[in-house]
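Dear colleague,

I am handing over the structure below for your attention. My findings follow directly after it.

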4 protein chains.
Amino acid sequence: MNPDPNQTGLFLVGVRGAIGTTVLHGIEGLRSGMPPIGMVTAGPEFADLDWADYERFSVRGWDVAGDAHRAADDLARTGVLPPDLVELSGGLRDRLEMSIAPGVPEPEDRQLVDRRSADRLDLSPVEMVEALRGDIREWMSELRTRKAVVVYLASAERSRDLPEAWMDPEADPIKLLMTAPMDISRSILYALAAIEEEVPFVNFTPAPGATVPAVAGHARRKNVSVLGNDGKTGETLLKTSLAPMFRDRRLHVMSWEGFNMLGNKDGAALEDPDRKATKVANKDAVLPAILKESPNMHVGVRIDFVPSLHDWKTAMDYIHFQGFLGAKMSLQFTWQGSDSALAAPLVLDLTRLALMAQSRGEGGPLHAAAAFFKQPLEVEEHDFHRQMELLRKWLRPAT
Amino acid sequence: MNPDPNQTGLFLVGVRGAIGTTVLHGIEGLRSGMPPIGMVTAGPEFADLDWADYERFSVRGWDVAGDAHRAADDLARTGVLPPDLVELSGGLRDRLEMSIAPGVPEPEDRQLVDRRSADRLDLSPVEMVEALRGDIREWMSELRTRKAVVVYLASAERSRDLPEAWMDPEADPIKLLMTAPMDISRSILYALAAIEEEVPFVNFTPAPGATVPAVAGHARRKNVSVLGNDGKTGETLLKTSLAPMFRDRRLHVMSWEGFNMLGNKDGAALEDPDRKATKVANKDAVLPAILKESPNMHVGVRIDFVPSLHDWKTAMDYIHFQGFLGAKMSLQFTWQGSDSALAAPLVLDLTRLALMAQSRGEGGPLHAAAAFFKQPLEVEEHDFHRQMELLRKWLRPAT
Amino acid sequence: MNPDPNQTGLFLVGVRGAIGTTVLHGIEGLRSGMPPIGMVTAGPEFADLDWADYERFSVRGWDVAGDAHRAADDLARTGVLPPDLVELSGGLRDRLEMSIAPGVPEPEDRQLVDRRSADRLDLSPVEMVEALRGDIREWMSELRTRKAVVVYLASAERSRDLPEAWMDPEADPIKLLMTAPMDISRSILYALAAIEEEVPFVNFTPAPGATVPAVAGHARRKNVSVLGNDGKTGETLLKTSLAPMFRDRRLHVMSWEGFNMLGNKDGAALEDPDRKATKVANKDAVLPAILKESPNMHVGVRIDFVPSLHDWKTAMDYIHFQGFLGAKMSLQFTWQGSDSALAAPLVLDLTRLALMAQSRGEGGPLHAAAAFFKQPLEVEEHDFHRQMELLRKWLRPAT
Amino acid sequence: MNPDPNQTGLFLVGVRGAIGTTVLHGIEGLRSGMPPIGMVTAGPEFADLDWADYERFSVRGWDVAGDAHRAADDLARTGVLPPDLVELSGGLRDRLEMSIAPGVPEPEDRQLVDRRSADRLDLSPVEMVEALRGDIREWMSELRTRKAVVVYLASAERSRDLPEAWMDPEADPIKLLMTAPMDISRSILYALAAIEEEVPFVNFTPAPGATVPAVAGHARRKNVSVLGNDGKTGETLLKTSLAPMFRDRRLHVMSWEGFNMLGNKDGAALEDPDRKATKVANKDAVLPAILKESPNMHVGVRIDFVPSLHDWKTAMDYIHFQGFLGAKMSLQFTWQGSDSALAAPLVLDLTRLALMAQSRGEGGPLHAAAAFFKQPLEVEEHDFHRQMELLRKWLRPAT
């Protein structure tokens, strides 16, 4: 059969998670006429550009456990997904369940995952990548498409040391894989599977994946676009929107203390100090990068698991700053947002951007996507407004 | 005697007010080595430009009542001015007091002002402008300078109707003055006096002044720079820094409710609904201008006089917005800042910018100063970050 | 047929409103096993007392417009009522609709109400009371009960002058009614109809009703209990819980500024300054009553209609206070609560308290219910904790 | 010389700390006519009782380092002490400096303390108590008084294990001291020295002191009153004032997350996890004690050192609760208070209460002082309002 040029495969790692479930239902909602609120690329400003049609995105993916129906019900009860949309999408979830491939779990989680995923733990890293590539090929053939994107949405991994050789952008990661430790970060495996299949890869949750120099270099050489790292959806988005004002008005920030609370599976994962470290580091780096003239600034970043909040990420920040003649002033804010409803439209945006980069033949880390990430690949700029200008310039290079 | 090319006259309308007093002491503090926190033009980014030296700014000005010593003591007690700086600056205030010229009060306030200012109420508008011009000439000669700027810092005026003819940018305001109503806005008189003396004029507090088309046109024809209107120091600064994020992420702002509390003389003046109207209108306009895609947005702006706060302006804002699939989220912030400590460094910045425009021969409204104002003259852009880019481009036209 | 001694009639004025709808569904939820969260009388502390069984409460009532199904759907969409409970209760709402009696609207609203209610505007005040009494008798007979309570839940009325004679507790309101103005407060008519039928009356929303001395006196003479005025559900509850701490620690409150936002029908009604006045007055009075040692306290009470909030009442309060040696400190709070979910369980509590008072033979204003009201009838005490002690003492007089 | 019956010795452990300095200046301020804001015992309610005259309190005390002048200057700069009061009190501080006795430091701090205090580290615990008793006797004789109170204000100690025998209220602590570890908690030493001298002891900062059963039992047998533990001045005060409202309204608290920031010496000490543990434990216990019907409540307590805040303790709390039918609501508050200005007046109150207990012959832990402490000695009640009723009943036993 001939490929369908308008069809796009959206292959999600952690497809039954809250973000994956919101993406799945969101596409259905958009098809039925709901407005694309929260999608950067869907506004009038960029309406004339040649975007992939999100109504033709087909979701497939991997997961190690769970049940798509229950995930959807939870999100409806919590006020993230409209109950009627969840009801209407039962068949869609049934079809999704039938196509889900087993994921590659971390070895520590063998007892927590489903049988099929546990089986993949018996493979070597090289074999794991082969298995993931097989999944991608199968979905692309099923969907009769040549366009697809892999988006990494799994919960924060445990932090692990990576052999030094992976830090070399010239190294061949496929070779390195042969001697890689059995517990190598799963995000690297998914990234390599995608790149080998010439499918763009998006690092949406904090994970090494395409941030590893050998992987990024490989993507560049294979001319496959990679985007990341760690979606900027809540407190960090606000920080990088507000800090430029303090910089430009030359107000001296003495302390910026952020307290984050969340109650979903990601939050539970972050109870593990090992996994929290990466997330906190990503959040920690943005302020000093923007506020270079506030050198002794005290930056506090706390993340606490508060189960009653479910998907509702709540951040309370306290900013203590000095103005003229040393007068001490303060700004506090409280942000209450649905983690999944903030992330899902960005997943659709990033899919479109990845496909645009791919169609322009721009492989390797896509710098223009910096505005979407806490730790943008190869970009030093954290000022959200300047990152948006980067995006605008890339989208309209003529200007 | 020869003029001193480094000397600059800073002529403040309402010189004994909280902002004027903070400017006076601030210059003294900077001379004694305090860092210029909060001054936009004093950072490393613009260090190579040919700025007027703020240590050579000499403050003069008009006022209708008050006592510079008491104003300074109040600000020290409130934690705005460092007590030791106030103590050290006693002689400076004595000298200032000797040079203060009577102001031109509103007719309604005849009983509330000092004798010399009340006397000016017996003059016609034309004579009032003559008297103010005389003050300017006298100070410039005393200071042996040809460089000066008039900054309007008086409390919000009562709103008054202006004859239609003033709306014509081609009209000659000096002629219009001959038939002007006796209670014509005092800000217009000060603006015209400055323009006639070829001294730039800055509208820092909400007042018609140079916003009147006939006045702005006159400034342009006379090649005198005018800057304004209504300094952006607190809640509006935050609004115009944050709203671009909502716009760029295409989050739908349903309601943005702002509650402002302040306790100084400006706050007391705003108890009068007549004076409050202008201020609220300026604050009201910025959000719809930035958030064009949130058309049914409910914008609430409240300003309340809360005496115990004195100079500490406190704003509590509640922002209710929708994300993907209509999920409702919120952001709240509380801003606690010293009104005077936020405004004073901007007065110094605007003085420098006015002088730079003047030296470049750019008369009329200075668009590049938009980032400093709630209602920037002839500029539609309210996005603070884009306004800063306007400034950067003007400062370095080569780029 | 014999009366059923366990059956209780709960007759609501404004039965299709948000609170009425929540009461109706709440009883159904409780019957199906949901825990009685938010009901003061349902805890272990008072479990041994002889309470009316809320599972046997039958809702009837008056309304001037609307549709019970739509009201329920709105509350489900807003996250107040569980969607499955709304779905299950369709038949209950059908039955309610069939029993609803026309209300007595204010004359100004003749065009806004349904036909049957408009017809009641043609009656004289005396005839109106007769009609309402007829409704009560009909429902009681239908329900085969002798126990019933009328709860006034209508939106804030327009404030109106009442002839001086009504201020006399000894006056007979039934006689006064004969010469009463045609637009006499509807709450008085409902109160009198209830009292004449020997059914207790609860003033839950701000309205004269049983607060009028002639009405209260009549209730006392007829030995019918009346409870009110103006349910204490949100910001005022917090104020009266927190202010005692400032009093007891002798911290000097300089300013207590409260900003209330709400988006439901009550909020829309309060856009009318005439109706807002009563509500604000009730909220205004509590702090000076508790904080007698902070005599110059500035109390600000704002209520704004913010449609996007629907039923979610949001209050932001700023408390500025002085401690030892005059040090200035602050407390801010933000309260986000569902107006209806906070009010509905109190309606059930008050019904139980009214019936208990009635069974004890205690007519007239029930002082022990003070903790439930912003303006408790004949009680000066506003300290919530002391009001709770009043309740405890009344419930266990032995102690 | 004859003793002066009105003179009271106020002997502070950590006399040069922020609280000690505020107490010293506060007494001076009260003498000069400043109102006793923040003093519980100084209001009209208790005006008729036979209180010790705070204008006759003379401060003496121990410290291991520091300089009273610098402490006062810091507090003036931070806005806690009025600058003119600090200036006027120079002589007072000079006299204090001359009378200060060396403290007993923890062994780990030998290098951080002054020479005289380091010398005390060479003593055995028994000798340390002797030395402290000597100090007390000397001050009492110098002041010609028989009335004195020792108040423990030192920063949080490191937590240490105490031999089991000290847990026995019947044990004689003086005997136990002979075999006590060299690093025994210093608070125990001060408590025993006070008790042996028949001087009441107040545990104001978190420390074992009089909370140790053997010490408390000894105080009871010697008929010396002891008060504590851990002054309730900020976030915990608010928690115990607000939680009763949630309890009485039967709202189900799901999560109560508290983030505390402070920047003074106490804050720096709490950077040490060892010292933080006790403080957090005291703060942690109050909510479960009050909210017994919210059994699965998640309670978070964070304390962070934020240097820029100095003495200004800032707490941001997020309370997530359920109402009727499970509706989820929230309350947030931000408290910004001066730690020292909140604590100092309570030190004066507790001194008066300790003397009143002593004069009534009531030795051992004073239950009536529960309202002043996070962890009240031998009292289970944490509800602030009920604790205040305990105090009122004790003060007027007749009622």
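Chain A has 399 residues, and a compact globule of that length would have a radius of gyration near 21 Å; the value for chain A is 21 Å, so the two agree. Please note that this is a predicted model. Along the principal axes, the C-alpha atoms of chain A fill a box of roughly 70 × 50 × 50 Å. Of the 399 residues in chain A, 60% are buried. Among the contacts in chain A with a separation of 6 or more, 79% are between residues 24 or more positions apart. The secondary structure of chain A consists of 14 helices and 11 strands.

Domains of chain A

The domain assignment divides chain A into domain 1, made of 8-231 + 341-395, and domain 2, covering 235-338. A distance of 26 Å separates the C-alpha centres of domain 1 of chain A and domain 2 of chain A. Where they touch, domain 1 of chain A contributes 21 residues and domain 2 of chain A contributes 26 residues. On the side of domain 1 of chain A that touches domain 2 of chain A, α13 (339-359) and α14 (384-395) of chain A each supply at least two residues. The residues on that side of domain 1 of chain A comprise 8 nonpolar, 7 polar and 6 charged.

Chains A and B

The contact between these chains takes 49 residues from chain A and 49 residues from chain B. On the side of chain B that touches chain A, at least two residues each come from α1 (18-31), α10 (235-248), β10 (328-338), α13 (339-359) and α14 (384-395) of chain B. The element that gives the most to this side of chain B is β10(B), with 10 residues. Sorted by class, the side of chain B that touches chain A holds 27 nonpolar, 18 polar and 4 charged residues.

Strand β10 (residues 328-338) of chain A also pairs with β10(B): the two run antiparallel and are joined by 7 bridges. Within this pairing, Q336(A) has S330(B) in β10(B) as its bridge partner.

Chains C and D

Here the contact takes 49 residues from chain C and 49 residues from chain D. The elements of chain D that give two or more residues to the side touching chain C are α1 (18-31), α10 (235-248), β10 (328-338), α13 (339-359) and α14 (384-395). Of these, β10(D) provides the largest share, 10 residues. The side of chain D that touches chain C has 27 nonpolar, 18 polar and 4 charged residues.

Between these chains, strand β10 (residues 328-338) of chain C and β10(D) pair in the antiparallel sense over 7 bridges. In that pairing, L331(C) stands opposite W335(D) of β10(D).

Yours sincerely

Note on methods
Residues numbered from 1 in each chain as written. Chains lettered and ligands numbered in written order. Predicted model: local features only at pLDDT ≥ 70, side-chain atom pairs only at ≥ 80, totals over all residues. Domains from an automatic or database assignment. Contact = placed C-beta atoms within 7 Å. Helix = DSSP H or I, 4+ residues; strand = E, 2+ residues; numbered from the N terminus. Nonpolar A, V, L, I, M, F, W, Y, C, P; charged D, E, K, R; others polar. Pairing = 2+ DSSP bridges. Rg over C-alpha atoms; globule rule 2.2 N^0.38 Å. Buried ≥ 20, exposed ≤ 12 C-beta atoms within 10 Å, placed from the backbone.
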